[in-house]
Amino acid sequence: MNCKYCDSEKVVKAGMKGNKQRYLCKDCCHTFIEGSDFPRMRTESHIISTSIDFYFEGLSIRKIQTQIEKLYGVHVSHTTVMRWVFKYSALCSKYVETLSPQVLGIYHIDETAIKCSGVQKWFWEMIDEQTRFLVAGHLSGSRTTEEALAVFEKSLKVAKRQPVSIYCDGLPAYVDAYNKLFRTMKKEGRPELIRRVGIRNVHNQNRIERVHSTLKDRLKPTRGLKGEETVRTLLEGWIVHYNFVRKHQTLKMTPAQASGLNVKNDWHNLVKDATKEEATKKDQLPPRQLIEVRV
Ligand SMILES: [Zn+2]
């Protein structure tokens, strides 16, 4: 048996928890019990990852329940599915931030109105033209300079590079944000801002719309969910799904793969990798002292 956290083989028995064998990893010092591949979960890992995949593919919770019952003969409750979606959206979103997608830096930024729990919000997205990698997604209550700036800054953090050019619409916030961030840079190397004021570029418009529509679809059933944080986490999970799991129709691969990232395109492997990353963070103290228990 390998460690559920870091996949190490240096695992020893460490007593029982109830009637289940407990194990201790001598590499990352975590303990875990036998059962699900995902630590601290009672349900088999593939049931969890398949449910999350179905969720972000747009299936209703009822349809997810039917499919899981058909595939695995197990009934999962509404709240359980949502708990999985939230837990692993947060975990994987944090993990993918550590990766460096090789994007070309020609970005298209756009904002669209979205209804969240009956309240109008703005969803911003910045997409790399060549790889279709979504370098920044952002949810806000208004369309101010600060919010546009937040999108720009997010893209710098994710892409770990300066953009080459940014295509945007006529929203003044884009110009203000651009000026705040890039105006003081030397002319060579400074990104260019291209405003498509009054121009309807059908091709680009369509590309962005498609991203919107799948998201809008997914946020619809969240009407019963309260709180901005909840929606934000769902959005993060949706971005992970868009960049890392779903094959782009034209590219025939995921935007992550198009960006040269060597990651498998499914939730199961993403969760495994994210768990490992979290368990083996270098500057993190071991969760407990390493005590070897021989049984
Ligand atoms: Zn371990």
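Is Cys28 buried or exposed? Cys28 is buried, at 8% relative accessibility. Here buried means under 20% relative accessible area, exposed over 50%, and partly exposed in between, with a 1.4 Å probe and protein chains only.

This is a predicted model, in which local features need pLDDT of at least 70, side-chain atom pairs count only at pLDDT 80 or more, and totals for chains, interfaces and linings use all residues. Residues are numbered from 1 along each chain as its sequence is written, and side-chain values use heavy atoms, with hydrogens and water left out.

**The zinc site**

Cys28 is one of the protein donors of the zinc ion. The donors are Cys3 (SG), Cys6 (SG), Cys25 (SG) and Cys28 (SG), and they lie 2.3 Å from the ion. Donors are N, O and S atoms within 2.8 Å of the metal (3.2 Å for Na, K and Ca); water is not among the atoms, so sites may look incomplete. Along the chain, the donors follow the spacing C-x2-C-x18-C-x2-C. Cys6 and Cys28 link distant parts of the chain, 22 residues apart. Cys6 sits in the segment before strand S1 (11-17). Cys28 sits in the loop between strand S2 (20-25) and strand S3 (31-33). Helices (H or I, at least four residues) and strands (E, at least two) are DSSP runs, numbered from the N terminus.

The site is tetrahedral, with angles of 107 to 114° among its four donor atoms. Four donors count as tetrahedral if all angles lie between 85 and 135 degrees. The ideal angle for four tetrahedral donors is 109.5 degrees.

**Asp53 in helix H1**

Asp53 is found in helix H1 (residues 45-56). Asp53 and Trp238 are 185 residues apart in sequence, yet 9.9 Å apart in space, C-alpha to C-alpha. Leaving aside neighbours within four places in sequence, Asp53 is in contact (heavy atoms within 4.5 Å) with His241, Val245 and Trp267.

| Residue | Relative accessible area | Class |
|---|---|---|
| Cys6 | 9% | buried |
| Cys28 | 8% | buried |
| Asp53 | 23% | partly exposed |

**Helix H2**

In H2 (residues 61-72), Ile61, Ile64, Gln65 and Ile68 are buried. They cover an arc of only 100° around the axis, so they lie on the same side of H2. The arc is that of the directions from the helix axis to the C-beta atoms. The buried residues pack against H1 and helix H3 (78-96). On the other side of H2, Arg62, Lys63 and Lys70 are exposed. Just after H2, Gly73 takes a positive phi of about 65°.

Notes. Tetrahedral: all angles 85-135°; square planar, octahedral: opposite > 155°, others 65-115°. Expected span 1.5 Å × (residues − 1).
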